[in-house]
Amino acid sequence: MSNKRSLMIRICAVLALILIAACMMVIGRGHTVYLDNKTLEYGGQTYTAPYKVTVTVKGEQVAKLYAKERGSADNVGQRFEMTLKVMQEKNGDETTATYQVKLPYKMDGVVINLPGYFAGLPEEAWLSEFVSLIPEPSAEDGEVPSADEFEMDLGDEF
Amino acid sequence: MKNNNSRKNFLSFLANNSVPILFILICVVCIPVSGFSPSYLINEIVTRMGRNIFLILCLLIPIMAGMGLNFGMTLGAMAAELALILVSDWQIWGIPGVVLAMILSIPFSILLGMLCGKILNMAKGREMITSYIISFFMNGIYQLIVLYMMGPIIPIKHSNVKLPRGYGIRNSVDLIHMRQCLDNLLAVRVGGVKIPVLTFLLIGLLCLFIIWFRKTKLGQDMRAVGQDMDVARDAGINVERTRIISIVMSTVLAGFGMVIYLQNMGNIATYSSHSQIGMFCIAALLVGGASVDRASIGNVFLGVVLFHTMFIVAPKAGAMITGDSMIGEYFRVFVSYAVITIALIMYETKKRKVKSQAGKQLQLEQEQEEAAANE
């Protein structure tokens, strides 16, 4: 095999691997989607939360949300599909519909406000990034490895 | 005469397979004492087979090239851990995360494998101890990267990966979104035993690759180098290059194996996951009847079954016999080291015996020649 051909094959193999890696980064990006059934104030108007929303993702019921409640679901990829069974008022009729939401790649946790989403408001009104309110542990609480932790263990996990 | 021959054959069979026979005996004694149900035991063994076989198979290529048991496979494990830390921080979940980690581990593994191969070429005949020490040395570099470079130089975003001080990686990195994703995909249950079909398919593919590779030009070159480096060199084989390729292949495959291992475990013990992996994989291979210069796929499978059966039953059997489970814990670690030591001693003894027999044969031939000349 000539050197040129061999080099070409190697370059193609590297490019193929980079391409596969790029695809994996897109299709495997995980997001935690938080679904808020909370009344929303936007543009001087109030969008009231329905009495109950039952959320099903990939055939599995992930949350049953009454007003002021939040549920969550894990999603891999940027397209989030959910089936919502909405009951506007207590003992009222339930309507079922399937929705698809495009999730931003950069956000790990995405909060979707359901009343705002149902009202067809612009994305900025009903979609926001989840920010944890729990303070991060200080360095003193941290688990900085000590010299002992580098010692050989008994291999229990093996 | 016939009886004598069959007795000799039986004794040589015992001598050649003493380690697997010893382990079969240990398992036969320990299994009933441990009191584990057959379904639990089979489930555990099948899980551990899926977890470990890929890693152990990567040891076969350097053995083929006459480089002995590659303790340097730890380098591949470190490469896989670096890749998994990055993938975990980038939040790539499930099978794509596993595939991405495998791809990312390749450049690290190639780099480390080439370094290891070059050093081993300078230490021909002492490859095992050299690779063992290289793995200790590289562990220092790995810790430097993971403790000090990840954060300020290599961006790490998530606080569940990064240490609270702002740089460095936590002792344990959670792989919850990747946990057993390979094992669970296409898994089937047979009589309460979960069989990770996809993982076994990957193992099967690697077995087929090894069988095919042995027949290729490069595979034949490796075998020739393994048998006699001088003869191989005279035959026009680039011995040094062939040896480096074998170590690089082994390191890359060890990286893949470590990703499979860690996705099964579901978390990375950042500073210790890789430290003992080489030792346990080598011990399992030796338990299967392999030696420093000869190993087969069959040895890998037998070794994993026997070694892990001992690993599962020893603590419970130790607790039942002595009343202290720590004795069983120490017993299995002691056995792992002992098996490697015994195998190395047996290999060296056999090598010296063959050498001495060849010397005696030569002496006899010389004496006969001299006698013939005198007559």
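Here are some questions and answers about this predicted model, starting with chain A and moving on to chain B.

Q: Which pattern of helices and strands does chain A follow along the sequence?
A: Start with the tally: chain A has three helices and 10 strands.

Q: Which strands stand at the edges of the open sheet of four strands in chain A?
A: The strand order in this sheet is β5-β4-β7-β8 (chain A), and the pairing is antiparallel. An edge strand has a single partner, so one of its sides has no neighbour in the sheet.

Q: What is the bridge partner of E81(A) in β8(A)?
A: Strand β7 of chain A covers residues 79-87. It pairs with β8(A) in the antiparallel sense, over nine bridges. For E81(A), the partner in β8(A) is Q100(A).

Q: Where is the kink in α3(B) centred?
A: Helix α3 of chain B runs over residues 38-57 and reaches 27 Å from its first C-alpha to its last, close to the 28 Å expected. Even so, α3(B) has a kink of about 35°. R51(B) is one of the buried residues of this helix, and the kink is centred on R51(B).

Q: Which elements of chain B do the buried residues of α3(B) pack against?
A: The buried residues of α3(B) include T47(B), R48(B), I53(B), F54(B) and L57(B). Together, the buried residues of this helix pack against α4 (60-64), α8 (181-184), α9 (197-215), α12, α13 (277-287) and α14 (297-322) of chain B.

Q: Which residues touch the most other members of the largest nonpolar core?
A: This core holds 111 residues. Helix α12 (residues 239-265) of chain B gives the most to it, with 14 residues. Leaving out residues up to four places away in sequence, L59(B) touches residues including L69(B), M73(B), I282(B) and L285(B). The residues that touch the most other members are L59(B) and M310(B).

Notes
Residues are numbered from 1 along each chain as its sequence is written. Chains are lettered from A and ligands numbered from 1 in the order in which they are written. This is a predicted model: local features need pLDDT of at least 70, side-chain atom pairs count only at pLDDT 80 or more; totals for chains, interfaces and linings use all residues. A nonpolar core is a set of buried Ala, Val, Leu, Ile, Met, Phe, Trp, Tyr and Cys residues joined through C-beta atoms within 7 Å. A residue is buried if 20 or more other C-beta atoms lie within 10 Å of its own, exposed if 12 or fewer, and partly exposed in between; C-beta atoms are placed from the backbone. Helices (H or I, at least four residues) and strands (E, at least two) are DSSP runs, numbered from the N terminus. Two residues are in contact if their C-beta atoms, placed from the backbone, lie within 7 Å. The expected span of a helix is 1.5 Å times one less than its number of residues. The bend at a residue is the angle between axes fitted to the seven residues ending there and the seven starting there. Two strands pair if DSSP finds at least two bridges between them.
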